[in-house]
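Here are a few exercises to work through with the structure open beside you. Try each task before you read its solution.

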Amino acid sequence: MVLDVTPVARGPFRLSREFPATVQANENELAEVTALTRGRVVKVHVDVGQDVKKGTLLAMLHSTDLGMAEGAYLKAVAKLHEAQLAYERAKDLHQYKAVSLAEVQQREAEMKTARAEARETETRLELLGVPRQEIERLDREHTIKADVPMRAPFDGRVIMRNITRGEVVETHQKCFTVANLSDVWVIANVPEKDVHFVQKDQVVDVVVAAYPHAILHGRITYISDVLDPATRTMRVRVTVPNPSMRLKPEMFALVHVYAGPATEVLTVPLAAIQNGPAGKIVFVQRAPGEFEVRTVKVGDEQDERVIVLEGLNDGEVIVTKGAFILKSEMEHHKTEPAL
């Protein structure tokens, strides 16, 4: 019979857990760029992976709907101008009793109606994404330009492009996705039994499969209030700085969570613990070839070691390899463990 024995001693022990996770873009710094009006793609100015600044032109569309809206605005403005002149003329003539008060009131009502129509067409342009500068140009030049620029909403990187030149784009279509990846989210799934290990604002370690030797540090910024009923796991979000842009969305990762600072506790190899008739047992060496069966109370496990809460003292020698064989011998001879 081959047996390995080791003395029991106290040492630092830090309980931790690791949870599978995936890297996601920070949704607070993520934008889906869509068209506010239907149009045909005239030119695409950026491609996937390109860094852009806020306001950078992504693509240019030509929209018939926008042209019609601009035409309606110019007509409404012209009608308003005519109604204002008619009202001013009627008001001047009324001073000389040339027209009746009813005529003046009618011209005033027509002016107010024209003003409301002009305001309505201007609001329509604003809803279609036309900037104030373009509306002012319409007022000056009175020429229709049915071009719809698509611009980056903030500094970031184009991570998705879904349009090509000549394509007709609908308003529900996602044309580009722009993300600021200076920090990313690592989404972990925590089993129900380990929920007590995680707390908001807790600093954790993150290891990405693409860089297995690099330990990154992040902070828990969100803990779900509900568990997934199918997997019995809780969703946890870790925000990780990503200044070098090495972390990419959809990468696999592991989140390491530590329960607290390391403490001095009595631990033994997990292989030394066996199931006995009265609970967990270990075999304590009394002399060469002589062993005592000892009932022990154990605590948490970590890295193939387990905390012993009761039943052993510092310096005692226990069996590690071969403990199961001794247990079989004990059961064969019906030996009762010492309590």
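A salt bridge here is a side-chain nitrogen of Lys or Arg within 4 Å of a carboxyl oxygen of Asp or Glu. Keep in mind that you're looking at a predicted model.

**Exercise 1.** Find which residues are linked with Arg286 in a network of salt bridges.

*Solution.* Start at Arg286 and look for its network: Glu292, Arg294 and Glu316 belong to it too. Then zoom out, and the count for the model comes to 19 salt bridges.

**Exercise 2.** Work out which parts of the chain are linked by the salt bridge between arginine 17 and aspartate 194.

*Solution.* Step one: check the pair, whose closest N and O atoms are 3.5 Å apart. Step three: look at accessibility. Buried means under 20% relative accessible area. Aspartate 194, at 5%, is therefore buried, and arginine 17, at 21%, is partly exposed.

**Exercise 3.** Now do the like for arginine 157 and aspartate 51: where does each one sit?

*Solution.* First, the contact: their side chains meet in a salt bridge at 2.8 Å, N to O. Next, the places: arginine 157 is in strand β9 (residues 156-161) and aspartate 51 in strand β6 (residues 51-52), 106 residues apart. Last, arginine 157 counts as partly exposed, at 21% relative accessibility.

**Exercise 4.** Decide which residues of helix α3 (residues 132-141) are buried, and which are exposed on the other side.

*Solution.* Go along the helix and you'll find Glu134, Ile135, Arg137 and Leu138 buried. These cover an arc of only 155 degrees around the axis, so they lie on the same side of α3. Turn to the other side, and there Gln133 and Arg140 are exposed. What covers the buried residues? The cover includes α1 (64-95) and α2 (101-127). Just past the end of α3, histidine 142 takes a positive phi of about 55 degrees.

**Exercise 5.** Give the order of the 4 strands in the open sheet that contains β5, and say which ones stand at the edges.

*Solution.* The order is β8-β7-β5-β10, with antiparallel pairing. β8 (147-151) and β10 (168-169) each have a single partner strand, so they stand at the edges, with one side left without a neighbour in the sheet. For the β5 and β7 pair, 4 bridges join residues 39-44 to residues 57-62. Look there for lysine 43, which stands opposite methionine 60 in β7.

Methods: Residues numbered from 1 in each chain as written. Predicted model: local features only at pLDDT ≥ 70, side-chain atom pairs only at ≥ 80, totals over all residues. Heavy atoms only, no water. Pairing = 2+ DSSP bridges. Helix = DSSP H or I, 4+ residues; strand = E, 2+ residues; numbered from the N terminus. Buried < 20%, exposed > 50% of the residue type's maximum accessible area, 1.4 Å probe, protein only. Arc of directions from axis to C-beta. Contact = heavy atoms within 4.5 Å.
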